[in-house]
Amino acid sequence: MEKIKVELCTGTACHLMGTYELKEYIENLPKDLRDQIELSGVTCFQKCGQGPNVKINGQLHSNVNQNVLNELLEDLFLKKN
């Protein structure tokens, strides 16, 4: 099964805007969901003023908070199953 690739911007601006909380959110998902995600950090997506920035399966999303991330992942989980 192909995993959902999630890349979190770990640059200073995005980190200060909440990347750490997004990382914690993903790491604390139930095991069956967490196992479907390939999580990595990226230094910068060049959208510092619009952070936190997250790339999911190659598509960049800006101004992401936990609610937005949850909706994006939930949609992908539903499509996979």
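Visitor: Let's start with leucine 69: does it count as buried or exposed?

Guide: Leucine 69 counts as buried, at 0% relative accessibility. Here buried means under 20% relative accessible area, exposed means over 50%, and partly exposed is in between, using a 1.4 Å probe and protein chains only.

Visitor: Before we go on, what sort of model is this?

Guide: This is a predicted model, where local features need pLDDT of at least 70 and side-chain atom pairs count only at pLDDT 80 or more, while totals for chains, interfaces and linings use all residues. Residues are numbered from 1 along each chain as its sequence is written, and side-chain values use heavy atoms, with hydrogens and water left out.

Visitor: Thanks! Back to leucine 69: where does it lie?

Guide: Leucine 69 lies in helix 3. Helices (H or I, at least four residues) and strands (E, at least two) are DSSP runs, numbered from the N terminus.

Visitor: And which residues is leucine 69 in contact with?

Guide: Leaving aside neighbours within four places in sequence, leucine 69 is in contact with Leu22, Tyr25, Ile26, Ile56 and Val64. Contact means heavy atoms within 4.5 Å.

Visitor: What about helix 1 and helix 3, at what angle do they cross?

Guide: The axes of helix 1 (residues 12–27) and helix 3 (residues 66–80) cross at roughly 40° and come within 10 Å. Axes are lines fitted to C-alpha atoms, for helices over the stretch in contact, and angles run from 0 to 180 degrees between N-to-C directions.

Visitor: What do you call that arrangement of helix 1 and helix 3?

Guide: Helix 1 and helix 3 are oblique to each other. Angles under 35 degrees count as roughly parallel, over 145 as roughly antiparallel, 65 to 115 as roughly perpendicular, and the rest as oblique.

Visitor: Left-handed or right-handed crossing?

Guide: Helix 1 passes helix 3 in a right-handed crossing. That is the name used if the near helix is turned clockwise from the far one by less than a right angle, and left-handed if anticlockwise.

Visitor: Which residues meet there, between helix 1 and helix 3?

Guide: From helix 1, Glu21, Leu22, Tyr25 and Ile26 meet Gln66, Leu69, Asn70 and Leu73 of helix 3. By class, this contact of helix 1 with helix 3 has five nonpolar, two polar and one charged residues. Ala, Val, Leu, Ile, Met, Phe, Trp, Tyr, Cys and Pro count as nonpolar, Asp, Glu, Lys and Arg as charged, and the others, Gly among them, as polar.

Visitor: New topic: isoleucine 37. Where is it found?

Guide: Isoleucine 37 is found in strand 2 (residues 37–42). With 3% relative accessibility, isoleucine 37 is buried.

Visitor: What is isoleucine 37 in contact with?

Guide: Setting aside neighbours within four places in sequence, the contacts of isoleucine 37 are Lys3, Ile4, Val6, Ile26, Leu29, Leu73 and Phe77.

Visitor: You mentioned Phe77. Is phenylalanine 77 buried or exposed?

Guide: Phenylalanine 77 counts as buried, at 9% relative accessibility, and is found in helix 3. Apart from neighbours within four places in sequence, phenylalanine 77 is in contact with Ile4, Leu33, Gln36 and Ile37.

Visitor: How about threonine 19, what does its side chain have within reach of a backbone oxygen?

Guide: A polar atom of the threonine 19 side chain lies 3.0 Å from the backbone oxygen of cysteine 14. Threonine 19 lies in helix 1 and is buried, with a relative accessible area of 5%. Threonine 19 also touches residues including Leu8 and Pro52, not counting those up to four places away in sequence.

Visitor: Then which residue here has a positive phi of about 50°?

Guide: That is asparagine 57, although it is not a glycine. Asparagine 57 is found in the loop between strand 3 and strand 4 (59–61), and is partly exposed, with a relative accessible area of 43%. Asparagine 63 has a positive phi of about 55°, and lies in the loop between strand 4 and helix 3.

Note on methods
A polar contact is a pair of N or O atoms within 3.5 Å; within protein, one must be able to donate a hydrogen and the other to accept it, and residues adjacent in sequence count only if both atoms are side-chain atoms.
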